[in-house]
Amino acid sequence: MTRLVYFAWVRERIGKGEEDIDLPASVTTGGELLRYLKTLGEDYAHALEHDKVIRIAINQEHVEHDEPIAGAREIALFPPMTGG
């Protein structure tokens, strides 16, 4: 099981802040995770429709979409951050 944590409008569109999920063996990178999650229903597809802008953190470290996710305890997904 991998804990997925969702932030900001990703959380709002999916309708939950976090969940534990069994990922298929074919999901090996952050980008593949986003593509897989989009298949889980309309809410996921809507939240992740612009997957190129979604940021990913594995075990609280920002990573690129091609980063392997094997062994991740927690994967966070969030929209681009803006600062002020």
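A strand here is a DSSP run of E of at least two residues, and strands are numbered from the N terminus. With that in hand, let's walk through this predicted model.

Start at E74, which sits in strand β5, residues 74-78. How exposed is E74? Its relative accessible area is 25%, so it counts as partly exposed, since that label covers values between the 20% and 50% cut-offs. Who does E74 touch? Leaving aside residues up to four places away in sequence, its contacts are R3, V5, A57, I58, N59 and Q60. As for E61, it is 13 residues from E74 in sequence, and the two C-alpha atoms are 10.0 Å apart in space.

R3 has D20 as its bridge partner in β2. Strand β1, which runs over residues 2-6, pairs with β2 in the antiparallel sense, with four bridges between them. Now look at the two faces of β2: E19 and I21 make up the covered one, while E18 and D20 make up the uncovered one. That puts D20, the partner of R3, on the uncovered face.

Is T29 buried or exposed? T29 has 16% relative accessibility, so it counts as buried, the cut-off being under 20%. Its side chain reaches the backbone nitrogen of E32 at 3.1 Å. Further along the sequence, T29 also touches H65, D66, E67, P68 and I69, again not counting residues up to four places away.

Definitions and conventions. Residues numbered from 1 in each chain as written. Predicted model: local features only at pLDDT ≥ 70, side-chain atom pairs only at ≥ 80, totals over all residues. Heavy atoms only, no water. Buried < 20%, exposed > 50% of the residue type's maximum accessible area, 1.4 Å probe, protein only. Contact = heavy atoms within 4.5 Å. Polar contact = N/O pair within 3.5 Å; in protein donor to acceptor, adjacent residues only side chain to side chain. Pairing = 2+ DSSP bridges.
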